[in-house]
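Trainee: Could you pick one part of this model and go through it closely? I would like to know how it is placed and what surrounds it.

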Amino acid sequence: MLPDDPQQPAGPTPPAEPEPAWRLDPAPVNTNAPLTQPPPRKRRLPVLPLAIVLVAILAGGALFMSGYTMGRQLALEPGTPPAATDQFEPFWDTYRTITQRYAGGDVDEEALIQGAIRGMIEALGDPYSSYLTSEEYRQSLQGISGQFEGIGAEMATEAPDGTQGCATLGPQCSLVVVAPLEGSPAEQAGLEPGDFVIAADGAGFDGLTVDDALDRVRGPKGTTVALTIRRGTDDPFVLEITRDVIQAREVRSELLEGNIGYVRLAGFSDASANQLEDEIQKHLDAGSKKLILDLRGNPGGYVTAARDIASEFVSEGALFYEEDAQGRQVETDAVPGGIATDPSIEVIVLIDEGSASASEIVAGALKDHERATLVGHTTFGKGTVQQWQELPGEGGAFRLTIARWLTPNKAWIHDKGIAPDVAVTVPENVPADSDPILDRAVELLGGTSARDVLRTAA
């Protein structure tokens, strides 16, 4: 059970990692599917009971729901507890006065109650505890499963000279399709790698940021977007694509010079552990004995995925501890059967200020077990555990900080983060095709160069 989310992070907001490509329709917290527990893997133990970890990045700020669990609805008698009658008297006096005497218009009693719940949570002063309406809660759950609603394509920005990573769209910066996802609406509609997307529903993108442009392409399942496409030297044409629910590909894998297996993990959904294992296995089958796990900019996800991913490298022992309000500690151990636990396999984990929550669980476990060398920058530092509590009917839900999580050595990394074993200073204005942190990792493993492998999975 475990970590991750907020309202405003308790520490500095993790800076956005410069990326030459973005996921089109990135798994937002605003989606529609009900939450499902991560399915058990073929050699894995059952998922941790009601456990989830999430970090969500929402408009304007990073929200870190550090390790949160799904709470059962409490079977309590409704109404004011007899021992708290006096304390609740002002509340009921206020509620009755509003509902009976307010003359400024109709009173929405449901909104009134939701506002009272929100106020109670906000009164805690905890940036990681918050209230969501039923609609906000419903929309927030699909994203943490690694699913999103859109057309299912990976996009990049490209300048006229072919370099990627420009920020503001216009004559010198265009959206280009890196690849449609296999089986996605984009692929089925005929979108191809190298296609330039120059408009959505007739509206061009000039002057927009990448996120603003992608917002025009994203949309609810069942709706249609008309994309204006320029392909090669042909005249532009319109391609209509019906959006659907897409399972994001959160793992990207490359074989670097020196037979170094590189795996980049973008999130911790219920599918990411299986995806990661598949890619690691490919590298091992190719004879690679050197692996790089890139967790930079990875805000987290399911704690069960974090446990399974850490277990690929750590054969036994504690991966983390959960400590409740009474100081009781519960240990979560490695799941036997990891495919990269052999000490002869060298492992480097890349981290930075955007590595949070589940990423920190994995990094902390591998560091404390001396199973990997951490390279990069100190991580974000999210060490508390939130629990989701669903409320009856249309009451929505709230998340409440109910525990802290500790590394195997019982270190609490909250607001401090996890320091790298090898710190790398990245100069300002680094070219988009340069990656000093990855280059340093390759150097430590005896390689000589690293290709551009920074595209995010989609």
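Mentor: In strand 18, Ile-260, Tyr-262 and Arg-264 point one way, while Gly-261, Val-263 and Leu-265 point the other way, and all are buried. Buried means under 20% relative accessible area, with exposed set at over 50% and partly exposed in between, using a 1.4 Å probe and protein chains only. Strand 18 is therefore described as mostly covered, because six of its six residues fall under that 20% limit. The strand numbers come from DSSP runs counted from the N terminus: a strand is a run of E of at least two residues, and a helix is a run of H or I of at least four.

Before going on, note that this is a predicted model, in which local features need pLDDT of at least 70 and side-chain atom pairs count only at pLDDT 80 or more, whereas totals for chains, interfaces and linings use all residues. Residues are numbered from 1 along each chain as its sequence is written, and side-chain values use heavy atoms, with hydrogens and water left out.

Now the neighbours. Strands of a sheet pair through backbone hydrogen bonds, either parallel or antiparallel. Here two strands count as a pair if DSSP finds at least two bridges between them. Strand 18 pairs with strand 17 in the antiparallel sense, over six bridges. One of the residues involved is Val-251, whose bridge partner in strand 18 is Leu-265. The two strands form a hairpin with three residues between them, and Gly-258 in the turn has a positive phi of about 95°.

Strand 18 also pairs with strand 19, this time in the parallel sense and over five bridges. In that pairing, Gly-261 has Leu-291 of strand 19 as its bridge partner. Strand 19 (residues 290-294) goes on to pair with strand 22 (residues 346-351), in the parallel sense and over five bridges. There, Lys-290 stands opposite Glu-346 of strand 22.

These pairings belong to an open sheet of six strands, in the order 17-18-19-22-23-26, and the pairing is mixed. Strand 17 (251-256) and strand 26 (422-423) stand at the edges; each has a single partner strand, so one side of each is left without a neighbour in the sheet.

To put it together: strand 18 has an antiparallel partner in strand 17 and a parallel partner in strand 19, and six of its six residues are buried.
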